Amino acid sequence: MEVVPLATPEEVGAVAADAIEALVRAHPDAVLGLATGSSPLPAYQELVRRHRDGTGPSYAGVRAFLLDEYVGLPAGHPQTYRETIFRELTDALGIPRDRVASPDPSPDGLAGAGARYEEAIRAAGGVDLQVLGIGADGHLAFNEPGSSLASLTRIKTLTAQTREDNARFFASVEEVPRHVLTQGLGTILRARHLLMVASGAGKAEAVAAAVEGPLTASCPASVLQLHPRASVLLDPAAASRLARAHYYREVWSSKPGWQGL
Ligand code: GLP
């Protein structure tokens, strides 16, 4: 795992954007795994800014798979993760909407939705780079503590804490759906590169548990320790509980520029 303590959330966004752009330049048909939530927003804003400036690559051949989706919101609701990612990233980058896949929460197909999503990811050749945030309780995508480290896409029930955390996007906590479809931890592990971003003191404990604590379903993000290529980009507040922060900084600052993440 490569842990990268950076100076600001904007720098976290810029380094993440560099990695995504490098992949898309090398592989214009890359498959991106996209997270929603606040954590990746600086990276997404940076990608959009560079694309508008004309300095970014073309995304016309890219495909994207979302990590997760709420169950129970009407299709087209602005807080569905599908609409959110159109609004925050993919429309602005020119990724055609029919090349953005997300778990299908429609009531009729719910029972088979996880298996269909796994098959769609497999048929696309797998995810090349998966963007990830981390929940305050260590959740990854919507894999709450206790999730199997080998789990695949399936329906999950949100904890009260996660519903409260996400209530800021709704009029009240009662409006936050109780159920979601989420890629499993086993699904996430199949992506070829995991890129986790975290900012703010609220994530410090979860980041320390994920990066330096034991591998355990009680901290789903600790599953990153099993991946051969996981990068963790942190602002100072999110890195503040790490025991080995000094070493991570030393590794990053002495890394040759050509190596990238
Ligand atoms: C949400 C999402 C995750 C996200 C995490 C942190 O509930 N399902 O994909 O990484 O929780 O969210 P935020 O980045 O807004 O803090």
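Reader: What makes the lining of the second largest pocket divide into nonpolar, polar and charged residues?
Author: The lining holds eight nonpolar, three polar and five charged residues. Ala, Val, Leu, Ile, Met, Phe, Trp, Tyr, Cys and Pro count as nonpolar, Asp, Glu, Lys and Arg as charged, and the others, Gly among them, as polar. This is a predicted model: local features need pLDDT of at least 70, side-chain atom pairs need 80 or more, and totals for chains, interfaces and linings use all residues. Numbering starts from 1 along each chain as its sequence is written, and side-chain values use heavy atoms, without hydrogens or water.

Reader: Why is the second largest pocket called a pocket, and which residues are closest to its centre?
Author: On a 1 Å grid over the protein atoms alone, a pocket is an open set of points where a 1.4 Å probe fits, with protein on both sides within 12 Å along at least five of seven lines. Lining residues have an atom within 4 Å of a point. There are 16 here, and Ala 19, Ala 22, Arg 229, Gly 260 and Leu 261 are the closest to the centre.

Reader: What is the volume of the second largest pocket?
Author: About 320 Å³. Volume is the space filled by probe spheres set on the points, which are joined across faces, edges and corners.

Reader: Which residues are closest to the centre of the largest pocket?
Author: Thr 36, Gly 37, Ser 38, Ser 39 and Lys 203, out of 32 lining residues. That pocket holds about 570 Å³ of space.

Reader: How do you know that Leu 233 is in contact with Leu 261?
Author: Contact means heavy atoms within 4.5 Å. Beyond its neighbours within four places in sequence, Leu 233 has such contacts with residues including Val 12, Val 15 and Leu 261.
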